[in-house]
Amino acid sequence: MKTIIGIKLNNRTAASSEMQEILTNYGCIIRTRIGLHDVDCGKCSSSGIILLEVINDELLPKLQKELCSIDGIELQQMVFDRD
């Protein structure tokens, strides 16, 4: 099974350090991480999206709970049943 988590940060500057700490703690279960944010006239946007490919579904609920405890974060999940 493949699980992709989408994390939307609505205030990157306020939430990014706490989110980064959580992602570092779960680094062993994150196979792929892609960060997307808008840049306008050389300035970073205050919002962004991070995509994670997670390889341990047993720890996934705990990771999601910790991420959701941060103000300004929205999570979405995609699950692919076949490899």
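Mentor: Let us begin with the strands. Eight bridges join strand 1 (residues 2–9) to strand 4 (residues 73–80), and the two run antiparallel. The model is predicted, so local features need pLDDT of at least 70 and side-chain atom pairs count only at pLDDT 80 or more, while totals for chains, interfaces and linings use all residues. Residues are numbered from 1 along each chain as its sequence is written, and side-chain values use heavy atoms, leaving out hydrogens and water.

Trainee: What makes strand 1 and strand 4 a pair?

Mentor: Two strands pair if DSSP finds at least two bridges between them; here eight bridges join strand 1 to strand 4. Within this pairing, threonine 3 stands opposite valine 79.

Trainee: How many bridges join strand 1 to strand 3?

Mentor: Seven bridges join strand 1 to strand 3 (residues 43–54), again in antiparallel fashion. Leucine 9 stands opposite glycine 48 of strand 3.

Trainee: Why are helix 1 and helix 2 called roughly antiparallel?

Mentor: The axes of helix 1 (residues 12–25) and helix 2 come within 10 Å and cross at roughly 170 degrees. Angles over 145 degrees count as roughly antiparallel, and therefore the term applies to helix 1 and helix 2.

Trainee: Why is cysteine 68 called partly exposed?

Mentor: Cysteine 68 is found in helix 2 (residues 60–68). Its relative accessibility is 47%; partly exposed lies between buried, under 20%, and exposed, over 50% (1.4 Å probe, protein chains only). Cysteine 68 therefore counts as partly exposed.

Definitions and conventions
Helix = DSSP H or I, 4+ residues; strand = E, 2+ residues; numbered from the N terminus. Axes fitted to C-alpha atoms, helices over the stretch in contact; angles between N-to-C directions. Parallel < 35°, antiparallel > 145°, perpendicular 65-115°, else oblique.
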